[in-house]
Structure formats: structure tokens, C-alpha cells
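Please have the sequence and the model open while I talk.

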Amino acid sequence: MSDAFITNGRIIDPANNIDEVGNLSIVNGKVKAVGGGEKHVSESPSATVYDATGLIVTPGFIDMHVHLREPGFEHKETIATGTAAAAAGGFTSVACIANTSPVIDTPEKIEQIYDIASETAATHVFPLGSITKNLAGDELTDMRGMRAAGAVGFSDDGVTVMNAALMRDALALSAELGFPIMVHCEEHNLNAGAVMNLGETSRKLGLLGSPNAAEDIIVARDIMLAEMTGGHLHVLHVSTAGAVELVRQGKRRGVHVTAEACPHHWILTDAEIEKQGTNAKMHPPLRTQTDIDAVIEGLRDGTIDAIATDHAPHAPEEKAQGMLEAPNGIIGLETCVPLVWTFLVEPGHLTVAEAIAKMTSIPANILGINRGTLSTGVVGDVTTINPDLVNRVDVRKSRSKSQNTPFGGWELKGWPAMTFKAGKGKLKT
Ligand SMILES: [Zn+2]
């Protein structure tokens, strides 16, 4: 527990409609007082003072979609290194995906993640349990037990639960217990063998592509099942124009559906595969400019609620295997904030407050965690951003164990400056 006094920053707390220059006092790791300009003095004589002049001060960012790889794949990432990358990227809380080895599919394994995180993590870690045992898609896990052990949601991310009856049952339990069912949407038969988007580039390169329909079909199915059961469906990494429209229509009908998008899906097209090879290989794949425009419009009009990274580290030798063999995914924790700033805030797609809400209060609400605001008494997690700083992405400086990003060398604006986990400051150097 720490006391901090963050002075003279532009405090933006979307949940409380705050946007003013002032001071923020954290006492015993909790938010004590906000605002007040120069009249507001520290609530604690022993507080460490941080000058935030010229910086934006916000609730600590929350990434609801992170692969921390531990246990089982520690050569890619660990809870220690993944959360160090998260903290460097401005995040103070991450929700970690269950596709580790073993899969996080029992209450005991949820507890193990909390145990490791309490020893090694630089941020708060909120584990997600899997929907089906061992991600096999044929038997539901003990979601009730995992919920009691602290799972904040459930996901078989990486694969789709192809059995609609199981998804119905999972969403029915969601309706009863209130957690989100977070879905990776790709119809496996349409997607079989695909290593990128189906389109001009895949035909040119002679690679098997996945059609937008593979994603749209599952999004449509799961929205219908959420409508039928009253459960909370959260659509992970939306990548197609069709999926955006399906979520929009679902919301209009009053279905409890939320959605997120990742920076690569609103910045890069599938043409990137030609330039970057496996560093642009992920599922769902990079799509077309039409899809990018639709995802941005979805972010703008609130159809897409949250921004997440799908941070998916892989070792260099794994990504070097070529397009057919290399695993899917890219790292994202350290580049997310400047990508949001450069490609959403600067062009005017989102206001600063809207962008911040999509990384703070909104993901907190989806996960049902008491974070993402600067309300008095909430855990003192804070991020500061330097909105004017221009820097190049240097993957060699990454805290992640892996370096698989298509954004290496990109010049971006608007970088996180410091993060505070329960009032404890950490300078990004
Ligand atoms: Zn996924």
C-alpha cells in the first residue's frame, strides 16, 4: 500500500465525467481525493509527489484480452514478463486467457493464477476460465466453481465452441450468475487450413484464406443464443464489417452483447502479410479497408464497447516457421495506447474521454470488476499519458519475452508515462 500525490495533471475520469487540471491523492493504495487545482493539498504527509504537468491522468487501463502463457508456455511469456509489458504499456489490470498448459478449467487452476500473480505480477491479474474442459469443445467446465474461485469471465479463445447446445448452456449459466461468455468467432469448417483473410492478397500469394462469413456466422449464432437465454455475450476481437453490423443490430434488439476490437484490426489490412509475413498472421485475420472502416465506425458509435490487445506472444523461432506453420497472434500491450492515440484520437474518430472509457470503465463493467474509475475509495490504479510525445516502437526494448509485432519501427504519438498500481508508481523508462 502506498501514498501518492499526483499533481497538476489533466485528470480525465470518464465514468465520473471529470476532465479538469488538478491533483490526485492516493492514500493506503486507494483513491482519496481528485481535483481542486492548487488548493487541493496531499491527504497524506508521507505521500510521494509526482509532477504530472502536461500529462493526462486517467484510471489505470484494463486489457480484458491477454495471453500470459503461464503455466506451460514460459518460453513465450510469463505472468511476470507479460504484466511488466502491460505496466510499461499503461495497463494496471489484465484479464488472462485460459489457453495455457494445462488449460485453466478448474477452480484450483484459477486459484493458482491468483497465487502466481500475487508473487510475480506487475499489474493486477484477473483470470478467465475456459468454457469447455481442456478447450475440447465437448463438455462444459465447472463455471460455478471457477466463478466462486474468482474467474471474471469464461472463454475458449483461440478456438470456437462449435457445439451450439453447449454455448446455449454456457450463456444460460451466464444469465444466472452474471459473468460474460467471451467468444472467439470463427466457424472451424469454413476456416479449415486458412492462414490469412480470403481475398485478393491470399489469391496472389497462393495461401488458403478464411472468409468473413466464418466470423459472421458464429457472431450471428451466439447473439441468437444470448437473446434466447438472456446471457451476456462478449465478442472478442471483432474483425469484419458483418460482425460489427450484427452486434449493432443485436444491441438495438436489447440483447446483452458487448464487443471489443484490437488495434491491428482497425489499422492493418491483409496486404500487410506481403510485407510482414508471420508478424501479420493472426486469427481472426487482418481483413480489408472496408472492414477497417466498419470497425472504426463501430468504435465511434459505441457498437464496439472496448479496446483490447489480444497480446499473443510467440518465440522468434516459432514465428520463423513460415506462414503455414507459424502460430497466430502478435504482442500488443506496449503499443496499444500510442496506436489508439495516433489512429483513433488524433484523426478525431474518438474523443480523448471516449478512448479512455474504452480502456477503463467499460472493460471494468464488462468484467464486473471494481476498477476503471477514480471514484473515492477505489483501488488507486492510475495511468498517465504524454499526449505530445512522439516515439518509434523499439521491439528490442520490449518487456515481453517475445517480439512478434508488425508495428516495430512505427513512429507513434501519445505514450504512457507512468502507471500506478494501488498507488505505487512505476516510471516508464
Ligand atoms: Zn481469439
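Gly377 sits in the loop that joins helix H14 (361-367) to strand E16 (382-392); helices (H or I, at least four residues) and strands (E, at least two) are DSSP runs, numbered from the N terminus. This is a predicted model: local features need pLDDT of at least 70, side-chain atom pairs count only at pLDDT 80 or more, and totals for chains, interfaces and linings use all residues. Residues are numbered from 1 along each chain as its sequence is written.

Is Gly377 buried or exposed? Exposed, because 9 other C-beta atoms lie within 10 Å. The cut-offs are 20 or more for buried, 12 or fewer for exposed, and partly exposed in between, with C-beta atoms placed from the backbone. Leaving out residues up to four places away in sequence, Gly377 touches Lys30 and Val31; contact means C-beta atoms, placed from the backbone, within 7 Å. Between the C-alpha atoms of Gly377 and Ala47, 330 residues apart along the chain, the separation is 17 Å.

Now the sheet. It is open, with 3 strands in the order E6-E7-E8 and parallel pairing; a pair needs at least two bridges found by DSSP. Strand E6 (61-66) and strand E8 (124-127) are the edges, each pairing on one side only. From one strand to the next the twist averages 20 degrees. Axes are lines fitted to C-alpha atoms, for helices over the stretch in contact, and angles run from 0 to 180 degrees between N-to-C directions.

E6 pairs with strand E7 (residues 91-96) over 4 bridges, and Phe61 stands opposite Phe91 in E7. Helix H1 (residues 79-88) packs on the sheet, touching E6, E7 and E8, at about 135 degrees to E7. Helix H2 (residues 107-120) lies across E7 and E8, at about 170 degrees to E8.

Key: Two residues are in contact if their C-beta atoms, placed from the backbone, lie within 7 Å.
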